[in-house]
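The following note is intended for a colleague who meets this structure for the first time. Please read the numbered points alongside the sequence and the model.

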Amino acid sequence: MILKKHHEMPERERERENGKGTVSEGVRVDYRIDRTDTVHLPRTDTLTPAARSERMSRIHGKDTRPEMTVRRLVHGLGYRYRLHRGDLPGKPDLVFFRRRKVIFVHGCFWHRHSDPNCKLARLPKSRLDFWRAKLERNRLRDIENHKKLTEDGWQVLILWECELRDVARLAEKIRSFLEDEQSQGH
Ligand SMILES: [Zn+2]
């Protein structure tokens, strides 16, 4: 049973909690959703409305928060883009036609973020072989799409879900990608 009052948590811990914890009447309940959408709660707790809502949105595949965060940010920076162009390899999330650049917003788990510091990309403990094979296919498909796009003269930026927490840094990355004539987005 882990139950901490929000204001009692150290600053760093609070930040880390963002996006996975929830505040209920001033109390932060330390729950965690793993890669199989199982919600791990302190023993005696039931789901809070916020946790339930988050879980449901994941189940129904409507969880577009990472893309929405990037879209809002890009819009706020003054750039205009198109969404999900089905005729481009991999259907990039944002397409900048005039600049011939595209941005993908990748979920760290599904797209196998290779950064060893990325906690979101960790594999579940059960059915490891299944996940490895499944996710490896995603990774190879991403590489193939990336290759096709660059061969067609597109510049590609991949933003990872775990990068979205640092908005200032993210904004700078997007801005320099879109402004830089030579940017390769890596
Ligand atoms: Zn990541």
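1. Strand E8, helix H4 and strand E9 make a right-handed β-α-β unit. A crossover is called right-handed if, with the strands pointing away from the viewer, the path from the first strand over the helix to the second runs clockwise. Helices (H or I, at least four residues) and strands (E, at least two) are DSSP runs, numbered from the N terminus.

2. The model is a predicted one, in which local features need pLDDT of at least 70 and side-chain atom pairs count only at pLDDT 80 or more, while totals for chains, interfaces and linings use all residues. Residues are numbered from 1 along each chain as its sequence is written.

3. pLDDT is the predictor's confidence in each residue, from 0 to 100. The protein chain has a mean pLDDT of 76, with 63% of its residues reaching 70 or more. Confidence is highest in E9, at 97, and lowest in strand E2 (residues 22-24), at a mean of 38. Over residues 9-29, pLDDT stays under 50, and the model has 30 contacts beyond four places in sequence for this stretch. Two residues are in contact if their C-beta atoms, placed from the backbone, lie within 7 Å.

4. Five helices and nine strands are found in the protein chain, and along the sequence they follow the pattern β-α-β-β-β-β-α-α-β-β-β-α-β-α. Of the contacts with a separation of 6 or more, 52% are between residues 24 or more positions apart. Of the 186 residues, 19% count as buried. A residue is buried if 20 or more other C-beta atoms lie within 10 Å of its own, exposed if 12 or fewer, and partly exposed in between, with C-beta atoms placed from the backbone.

5. An open sheet is formed by four strands in the order E6-E7-E8-E9, with mixed pairing. Strand E6 (82-83) and strand E9 (155-160) are at the edges with a single partner strand each, so one side of each has no neighbour in the sheet. Two strands are taken to pair if DSSP finds at least two bridges between them.

6. How do E7 and E8 run relative to each other, parallel or antiparallel? Strand E7 (residues 94-96) and strand E8 (residues 101-106) run antiparallel and are joined by three bridges; Val95 has Val102 in E8 as its bridge partner. The two strands form a hairpin with four residues between them, and Arg100 in the turn has a positive phi of about 55 degrees. By contrast, E8 and E9 run parallel, joined by six bridges, and Lys101 has Gln155 in E9 as its bridge partner.

7. Six of the six residues of E8 are buried, so this strand is largely enclosed by the rest of the structure. Lys101, Ile103 and Val105 point one way, whereas Val102, Phe104 and His106 point the other way.

8. Helix H3 (residues 65-76) has Glu67, Val70 and Val74 as its buried residues. Seen down the helix axis, they fall within an arc of 65 degrees, so they line one face of H3; the arc is that of the directions from the helix axis to the C-beta atoms. The face turned away from this buried side carries the exposed residues Met68, Arg72, His75 and Gly76. Cover for the buried residues of H3 includes E7, E8, E9 and helix H5 (167-179).

9. Which residues of H5 are buried? They are Ile174, Phe177 and Leu178. Viewed down the axis of H5, these residues fall within an arc of 95 degrees, so they line one face of the helix. On the other side, Ala168, Arg169, Glu172, Ser176 and Glu179 are exposed. What covers the buried residues of H5 includes H3, E7, E8 and E9.

10. Helix H4 is hardly covered, since one of its 24 residues is buried. Just after H4, Gly153 takes a positive phi of about 90 degrees.

11. Two residues in the loop between E8 and H4 deserve a check of the backbone. Arg112 lies in this loop and has a positive phi, near 55 degrees, although it is not a glycine; with 19 C-beta neighbours inside 10 Å, Arg112 counts as partly exposed. Arg127 lies in the loop between E8 and H4 and has a positive phi near 55 degrees. Arg127 is exposed, with 12 other C-beta atoms within 10 Å.
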